[in-house]
Amino acid sequence: MFEVGRICMKTAGREAGRFCVIIGKDKEKGFVVVTGPKSVTKVRRRRCNLTHLEPTPFKIDIKENATDEEILEIFEKENIYEKLHIERISEIRKERHEKREEKIEKKEEKVAEIKEEIEEEKERKVKEHKEEKPKKMKKKEEGKTKHSAKKGEKKEKTKEK
Amino acid sequence: MPRRSERSRSLRKIKVNTPGGRRKIHLERKKNAPAKCAICKKPLAGRKKGRDSDIAKLSKTQKRPERPFGGFLCPSCMRTEIKKRLLKSFQ
């Protein structure tokens with residue numbers, strides 16, 4: 001039942017409820033070596049107790065101690081993703097990553113819009129300020145002229161002394 | 001006459017040795033009952049007892065075991081549940 005290439009489901013521990021493929025026998029009796037592969041079902045390449053495995057009717061043709069890449073090629077050839085209704089973890093992660101990037105882009109666009117608005121408001125305020133300023137400046141200039149005139153007189157007086 | 005709160009049994013009593021050498025009785029709220037399996041009603045391991053306010057301070061890994069249905073089903077019930085679902089998917 002538990003020969004090389006048999007697809008099983010793990011029924012214990014953190015990887016319970018996930019599919020895996022048997023690669024070979026372990027040194028100890030009652031144990032086998034198993035992979036998900038990790039990029040598909042999140043099950044690591046590790047030894048596993050036979051009592052923690054539930055066999056399925058599916059089997060693939062692989063050599064003993066086959067690499068994850070070889071197993072992935074056979075999975076795609078025999079359409080095992082559709083047969084077992086497996087969603088690849090690597091693709092789910094890609095989708096999540098794209099969604100996150102979209103969110104970040106939207107945020108950046110919003111921030112840029114707000115910054116532009118703030119700058120426009122600043123420019124407007126500066127323009128209004130400039131238009132208002134000349135009236136005030138005239139008054140000030142008049143005052144200054146009087147003040148400076150007085151000062152000038154004082155200076156002249158000091159020089160005379 | 002004792003205080004009103006001391007007359008009820010809603011608080012549990014703890015004996016404490018004070019630094020002055022006396023032995024005093026402190027009153028504390030009771031802990032929650034242990035969590036149980038939803039199918040077989042066995043008490044679950046891996047979930048700490050205590051008041052809700054104390055458990056809320058713990059980390060996520062201290063609150064429940066890290067496996068599917070962790071903290072809700074016991075491991076043996078979880079195993080049978082997974083096998084059932086596997087059989088259903090092939091029918």
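## Ground rules

This is a predicted model, where local features need pLDDT of at least 70, side-chain atom pairs count only at pLDDT 80 or more, and totals for chains, interfaces and linings use all residues. Residues are numbered from 1 along each chain as its sequence is written, chains are lettered from A in the order in which they are written, and side-chain values use heavy atoms, with hydrogens and water left out.

## Where the chains meet

On the chain B side, 9 residues are in contact with 16 residues of chain A (contact: heavy atoms within 4.5 Å). The two chains bury about 930 Å² between them, with 73% of it on carbon and sulfur atoms (accessible area, 1.4 Å probe, lost on being put together and summed over both). In chain B, R79(B), L86(B) and F90(B) lose the most area to chain A, together making up 51% of what that side buries.

The interface has 1 salt bridge (a side-chain nitrogen of Lys or Arg within 4 Å of a carboxyl oxygen of Asp or Glu). K83(B) pairs with E54(A) in a salt bridge at 3.8 Å, N to O.

## The cores

The largest nonpolar core has 19 residues, and I7(A), F19(A) and I62(A) are among those with the most contacts inside it (buried Ala, Val, Leu, Ile, Met, Phe, Trp, Tyr and Cys residues joined through side-chain atoms within 4.5 Å; buried is under 20% relative accessible area, 1.4 Å probe, protein chains only). F19(A) touches residues including I7(A), V43(A) and L86(B), leaving aside those up to four places away in sequence. A second, separate core of 8 residues includes I22(A), V34(A), V43(A) and L53(A).

Definitions and conventions:
Buried < 20%, exposed > 50% of the residue type's maximum accessible area, 1.4 Å probe, protein only.
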